[in-house]
Amino acid sequence: MKMLEVQGLNVRYGAVKAVLDADLEVDDGELVVVVGANGAGKSSLLRAVAGLNKHRGRIGFAGADISARRAEQRVKRGLSLVPEGRHIFGRMTVLENLQVAAWGARVDLSAEIAGVFARFPRLEERKHQVAATLSGGEQQMLALSRALIRHPKLLMLDEPSMGLAPKIVAQMFEIIEEINAAGTSVLLIEQNARMALSIAHRGYLMETGALSGGGDARAMLEDERLHEAYFGKASEPDGTP
Ligand SMILES: Nc1ncnc2c1ncn2[C@@H]1O[C@H](COP(=O)(O)OP(=O)(O)OP(=O)(O)O)[C@@H](O)[C@H]1O
């Protein structure tokens, strides 16, 4: 089954065309990555799928056309976005951030929180700490946990490696791979192309609003034409552009 089916997606900001006629698919259980330079339109694409910006085109999700659905309705259907910059509530504690994330979802909150703490013991140690005082890696773990608590069918991640130390980046990619292996479909947007492709099934390339590729991630990793542009400085393991 197709989990996500995007056809002819367009996003514009006034005269700026950020996404141009993009077609993209994520199969049930797949881990798909979109790589591309800064400003190529990757965030605009994800935000459109999440219903957070105006867009044209068709978005099919888990067998239904959600193109006209509002962002909250998309979340309820099982689409979760962990945005760039994390968007946790800095003044709330770790525990409060997790509680708020589950609002309106039919989940057993205490069991879910226990599950988060089993996966991320660091978050349990800091459960009464306000989120703004966490390290970058811990904030990213919290943002990811907030999405996972709702058991999304499709988890969308915008630059999860951004600003993290190399060791934490490697850990983050391992966790994403685990989440996918446990059955959640994943759509990942990354500048850290080499690392992202190494855990993905398939990959797309985004250049000035246009999506191409969609083939095997391993083949993309070996594609000489991509090396110079995307696997050089932009894919340093510390995620610095
Ligand atoms: N709210 C906005 N208003 C006007 N232009 C925007 C807006 N958001 C993005 N853009 C422009 O749209 C284009 C695509 O931006 P987008 O953020 O989607 O790219 P990106 O590949 O995600 O880059 P980054 O990694 O820097 O977020 C860029 O030219 C950007 O300047």
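Thr-208 occupies the loop that joins strand E9 (202-207) to strand E10 (210-216) in this predicted model. Its phi is near 35°, a positive value in a residue other than glycine. Most residues other than glycine have a negative phi.

**Residues with positive phi**
- Thr-208 counts as exposed because it has 12 C-beta neighbours inside 10 Å, and the limit for that class is 12 or fewer.
- Asp-21, which is not a glycine, also has a positive phi, of about 45°.
- Asp-21 belongs to strand E2.
- With 14 other C-beta atoms within 10 Å, Asp-21 is partly exposed.

**Ligand shell**
- The residues around the ligand are Tyr-13, Val-16, Ala-18, Gly-36, Asn-38, Gly-39, Ala-40, Gly-41, Lys-42, Ser-43, Ser-44 and Glu-84.
- At least two residues of this shell come from strand E2 (16-27), and at least two from helix H1 (42-50).
- Helix H1 makes the greatest contribution, with three residues.
- Sorted by class, the shell comprises six polar, four nonpolar and two charged residues.

**Arg-47 in helix H1**
- Arg-47 is located in helix H1, the element that gives the most to the ligand shell.
- Arg-47 is buried because 22 C-beta neighbours lie inside 10 Å, where the class requires 20 or more.
- Leaving aside residues up to four places away in sequence, Arg-47 touches Leu-52 and Asn-53.
- Met-3 is 44 residues from Arg-47 along the chain, and their C-alpha atoms are separated by 17 Å.

Terms used. Residues are numbered from 1 along each chain as its sequence is written. This is a predicted model: local features need pLDDT of at least 70, side-chain atom pairs count only at pLDDT 80 or more; totals for chains, interfaces and linings use all residues. A residue is near a molecule or strand if its C-beta atom, placed from the backbone, lies within 6 Å of it. Helices (H or I, at least four residues) and strands (E, at least two) are DSSP runs, numbered from the N terminus. Ala, Val, Leu, Ile, Met, Phe, Trp, Tyr, Cys and Pro count as nonpolar, Asp, Glu, Lys and Arg as charged, and the others, Gly among them, as polar. Two residues are in contact if their C-beta atoms, placed from the backbone, lie within 7 Å.
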